[in-house]
Amino acid sequence: MSEKRQVSLSELLSHDSVQKIIEDDSLDAMERRAYTPPLCEVFQNGPTALESQNQYRFDIDGAAREQLPHLMENKVEKVVSAPSSEANGYHRCRAIGIAFSGGPAPGGHNVIAGLYDAAKKANPENRVYGFLLGQDGIIEGNAWELSDEIVNRYRNLGGFCMIKTGRTKIDSANKMRLSIETCKKLGLNALVVVGGDDSNTNAAFMAESMKEEGIQVIGVPKTIDGDIQVKDADGKSLCAISFGFHSAARSFARNVGDLCTDGSSDVKYWHICKVMGRVASHLALEVSLQTHANLTLIGEDLANYVDEDRVEKAAAEGVVDYTAYGITLRHLSRVVCDAIVRRAAVGKNYGMVVIPEGILEFVNEVQVFIIKLNTIISEYNDVHDTSFHTDFPSLEDKLEYLRRLVRGIRKMGPETIWNARDDELFNDIPEFFQEGLLIERDSHGNFQFSQVETDRVILGLVMDYLSILKEKGRYKLGIEENYYAKAFIRAGLNPELYGPVLFRNYGVGRYLLVREELISQKTLKQGLIKAGLLDEEEPVPLSVVKIFNKSVPDFKVQTHFYGYDGRGSDPTKFDCTYTYNLGHTAFSLIAGGSTGHMVGIRNLEKSFEEWEPLGIPIAPLMHLEERGGKMKLVLEKSVVELDSNAFRIVKALREKWMAASPAPDPFRKPGAIRFRGEMEEDKPMILTLNAI
Ligand code: FBP
């Protein structure tokens, strides 16, 4: 017997094929690093300057005027090629710091790469520092001077791994003082903050406070949620979408698309897919367009719901029922159940539902709880040295605190907010949801939807309502007419005789629905006896039982959450190009002397040649909003507009995509994020549609 010599482990590890396989870098990553995205023409032609655009108008909030006086005169600035007289200023030696803020979004590394390349090209002596772990890095003076080696390692790659991120904001006098000290120590001329609405809000306050010190602050619109969409007072678009949205949406859509394929193959599951988007439903809307999932809930749309029956009833009594406006948890579950029941009626006991993470924010009763609990928690934290969550670690402790508020034991503000009715309603909701609603708020007092099992809440309600519908005989699985006829003929039974007795639509529909009153073996037997098809002592024929059992749907569900995965995906070509140009724009704004501006690119929906880099003044966009129980000056989040083209199209196709008909499901397969080759659609669909 010949013995085969086993290769030693060290030989194996040094083998060429093994080396290739265990290499940390994939071919895709290597290609991404080597790729340089195209640059807008203005960046290809040497130094740039800024040109104020007076055609844009803003309705300025009085509070913004008061709190950000030095930024009120800021205008929209277009990046243009610099006349030779201004070139010197552009090339002046500078030190710039950059920090990520908030959740990761694909393309962040290219903002750094764009800023770094522009800075080094303008003057090789320029220094760019990356602050580590978000704004904590600025406060604590924790920064890295970026080099070619560091920057090259992350070009076109996803995540914020290069310098990491954090959710701290520079929102107190002390943090501001420490940040200014850091900037001075590093000799910084400018700071770039790459973040969402809250971070850009924060950037404006930093710009205001640092102006005297001569430190410029520039924001970059980042968030996968896509809720930074800026228009002027006349509706002219300045920033159509934040970066990262396209990549995250494509990543979610790819997963949802694959589930559509699996779901319509083994036809036994309803897949409930929750997709990120803390408040706004833009991501869900884009996933809907990309995949044609059977049902996509859009929070903004549901919030607009009016219960006409209740309105009419109240009107007849001469009163107005305000609770008839807006969505309730009950209505939400009805919308989902309606889709399940209608598809079941045509034999489809499976389907795809897309739920935006922030949907509960739009539900009346949940909204009230969130606002009240935000206020209670924030007031507690303001009054005490410790925090609400440290003092009341368990759910029971928290509930007891709320009970004490009701009993009026605590004689401070919050007890008026939480009354006996709130407590009663709160105690009616499942424990895991109570815990979810009481979780720690983020540093802005924002409710953290990603921590709540929204899908579980909705599913619980759906299951309850489906059981009711089942008991009432309204939730049945349609039986294909031919299948029924063949099965009965095989069993020697006359389908024509049994059909009208068993089905409510016999001879009408292709899918037969068992009569509502036939809800058990017992009622089935009685039905047959009553129709004279069976004697009392006879058993129900097996094929009748088989058809009946087949008509009773077994609701099986799989839940999925798409969020962190998409946030960590590599950027699409669109996001690679967008962010690389945003980085260049940031440098141009700094070189042009701007502060308190957010970078933007106009005409993103058009061909690349028409992209127009600019600076958008943040302060004039700000308005007062309730945050953690207080009115704060913030940059407004853009939610899905119900009169936008993208939403109107999804609404118009809702019935088609629900596919509650015998026709095949019109699922669309978006495919993977491809970096190489031609891509089917090269920018967010909502962007293209809304620009029409
Ligand atoms: P940003 O607004 O900071 O970009 O983050 C958005 C987001 O990705 C939301 O979609 C999600 O709700 C949230 O972050 C999750 O936050 P965390 O990373 O703290 O869990």
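Domain bounds here come from an automatic or database domain assignment. The model is a predicted one. On that assignment the chain is divided into domain 1 (39–244 + 571–627), domain 2 (245–468 + 557–566 + 643–690) and domain 3 (476–550). Taken over C-alpha atoms, the centres of domain 2 and domain 3 are 39 Å apart. Seven residues from domain 2 and six residues from domain 3 make up the contact.

What area do domain 2 and domain 3 bury between them? The value is about 490 Å², and 68% of it lies on carbon and sulfur atoms. On the side of domain 2 that touches domain 3, the residues by class are four nonpolar, two polar and one charged. For polar contact, the count between domain 2 and domain 3 is one residue pair, with both residues at pLDDT 80 or more.

The next element is a sheet. Strands of a sheet pair through backbone hydrogen bonds, either parallel or antiparallel. In this model an open sheet of four strands runs in the order E11-E12-E10-E15, and the pairing is parallel. Strand E11 (295–296) and strand E15 (557–562) are the edge strands, each pairing on one side only. Strand E10 covers residues 270–275 and is joined to E15 by six bridges, the two running parallel. Which residue of E15 stands opposite His271? That residue is Gln558.

Definitions and conventions: Residues are numbered from 1 along each chain as its sequence is written. This is a predicted model: local features need pLDDT of at least 70, side-chain atom pairs count only at pLDDT 80 or more; totals for chains, interfaces and linings use all residues. Side-chain values use heavy atoms; hydrogens and water are left out. Two strands pair if DSSP finds at least two bridges between them. Contact means heavy atoms within 4.5 Å. Buried area is the accessible area (1.4 Å probe) that two parts lose on being put together, summed over both. A polar contact is a pair of N or O atoms within 3.5 Å; within protein, one must be able to donate a hydrogen and the other to accept it, and residues adjacent in sequence count only if both atoms are side-chain atoms. Ala, Val, Leu, Ile, Met, Phe, Trp, Tyr, Cys and Pro count as nonpolar, Asp, Glu, Lys and Arg as charged, and the others, Gly among them, as polar.
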